[in-house]
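Okay, thanks everyone, I'll keep this short. Let me put the model up and then walk you through a few helices.

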Amino acid sequence: QQCKDEEHRIEAMQGPLEQLRQAAQAEFDKVNPAYRAAVLALRSLSHVDLDEIKSYRVPPPGVVLVVNALCIIFGVELDWELGHQLISRQNFFEELEFYDKNNMPEPVFQKLKVFVKDPHFDPRVIQGSSKAAESVCMWVHAVYQYAAIHRDIKPKLEQLAEADSKMNDAQAALGAKRVHAEEEKNNLESTIRSHTDSIRHSKSIEKQIRVLKDKTARCQNVLTNMEEPISMWTTQLKKAQKRLTTAPGDSLVTAACVCYLGPFDSITRQTLLQDWLHHCRTGEKIKSYKKQMMVPLNSREEGGRSPRKGRERSAKHSEVVSDEQTPPSSIAVRDNFTLQSTLSTTTEQ
């Protein structure tokens with residue numbers, strides 16, 4: 001908005017400024033043709049033409065007026081010899097063409113005014129005395145007219161210069177504001193991009209959070225459903241760890257049951273099994289068993305068929321369970337030992 005206000009202010013200044021510029025140019029256009037004609041006349045001269053003026057021992061009055069006018073313009077004392085030296089300068093024509101007519105001093109202007117008002121100081125009058133003097137007289141008249149017009153429009157020129165200065169300041173201020181506005185625009189665009197990226201990133205994080213919440217819910221559901229199996233597995237693990245310590249004893253008692261208890265009746269089997277378990281747990285040695293316990297069931301049923309064979313088989317069993325063997329001091333065996341629980345799996349029990 002500030003840039004637009006400054007642009008409107010500059011546009012409002014351009015109208016009066018252009019009017020001042022056109023007015024000044026219109027005033028100068030009145031004298032410029034005469035000045036250009038005088039400059040062209042000077043350019044048509046040569047040093048040979050000036051030699052005509054230098055050659056006069058007793059110069060004509062018109063030539064004297066022209067030389068005196070030149071002396072006044074260039075600040076030289078009014079004297080023919082000094083004027084002769086002035087026009088004898090090597091770059092005399094360039095000094096005339098590029099004379100600073102915009103800044104003619106006021107005393108020079110007032111003195112030159114006297115010459116211009118003199119009817120004898122007329123190019124048409126001086127033409128009869130010297131062609132070069134005529135051209136220089138035209139130039140003096142043109143310079144004087146230009147300086148006079150410049151003095152008349154000097155207030156306008158000052159206003160024009162002031163307006164130009166204000167215009168330049170306003171344009172500089174506008175340029176600075178535009179640069180600042182461009183910087184602010186770039187900063188705003190950068191902030192918008194950063195905000196957009198932040199929103200995009202936050203949405204991505206929210207999506208990740210939702211995914212994690214879904215995963216957490218599923219995991220929680222799995223954990224809830226796994227509580228009972230985990231409890232069961234923990235119990236089974238404890239049992240398995242405990243059975244690892246009793247595995248050697250369980251294996252030993254189980255092997256003894258398989259190898260030795262087959263021929264006996266259930267009462268004898270149970271008695272022997274409890275006895276073995278007791279000795280394994282206490283570490284006591286097995287001494288001997290009653291004779292009737294050592295007789296197999298099939299031998300009792302056969303009666304007197306073969307008493308000798310029965311005695312031999314009983315002797316063999318007595319040898320196996322004799323107290324000559326030395327078991328370990330103590331062997332761990334599971335509690336409530338049964339062959340079914342030992343030989344079956346957990347799911348079969």
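So, let's start with H3. This is a predicted model, by the way. H3 has 13 residues, and from its first C-alpha to its last it reaches 19 Å, close to the 18 Å you'd expect at 1.5 Å a residue.

How many of the 13 residues of H3 are buried? Eleven of them, so this helix is mostly covered. Once H3 is done, you come to Gly75, and its phi is positive, near 70°.

Now, who does H3 pack against? Take H4 to begin with, residues 80-87. The axes of H3 and H4 come within 9 Å and cross at roughly 75°, and therefore the two helices are roughly perpendicular to each other. On the H3 side you've got Val63, Val67, Leu70 and Cys71, and they meet Trp80, Gly83, Leu86 and Ile87 in H4.

The other partner I want to show is H8. Here the angle with H3, residues 61-73, is about 45°, and the axes are 10 Å apart. That makes H3 oblique to H8. H3 passes H8 in a left-handed crossing. Which residues make the contact? From H3 it's Val63, Val66, Ala69, Leu70 and Ile73, and from H8 it's Ala133, Val136, Cys137, Trp139 and Val140. Notice Val63 and Leu70 again: they touch H8 here, and they were also on the list facing H4.

Let's stay on H8 for a moment. It covers residues 131-152, and at 1.5 Å a residue its 22 residues should span 32 Å; the end C-alpha atoms are 32 Å apart, so that agrees. Is H8 enclosed or open? Well, 17 of its 22 residues are buried, so H8 is largely enclosed by the rest of the structure. And have a look at the start of H8, where Ser130 has a side-chain oxygen within 3.3 Å of the backbone nitrogen of Ala132.

Zooming out to finish. Of its 349 residues, 31% are buried. And if you take the contacts with a separation of 6 or more, 74% of them are between residues 24 or more positions apart.

Technical notes: Residues numbered from 1 in each chain as written. Predicted model: local features only at pLDDT ≥ 70, side-chain atom pairs only at ≥ 80, totals over all residues. Heavy atoms only, no water. Helix = DSSP H or I, 4+ residues; strand = E, 2+ residues; numbered from the N terminus. Expected span 1.5 Å × (residues − 1). Buried < 20%, exposed > 50% of the residue type's maximum accessible area, 1.4 Å probe, protein only. Polar contact = N/O pair within 3.5 Å; in protein donor to acceptor, adjacent residues only side chain to side chain. Axes fitted to C-alpha atoms, helices over the stretch in contact; angles between N-to-C directions. Parallel < 35°, antiparallel > 145°, perpendicular 65-115°, else oblique. Left-handed = near helix turned anticlockwise from the far one by under 90°. Contact = heavy atoms within 4.5 Å.
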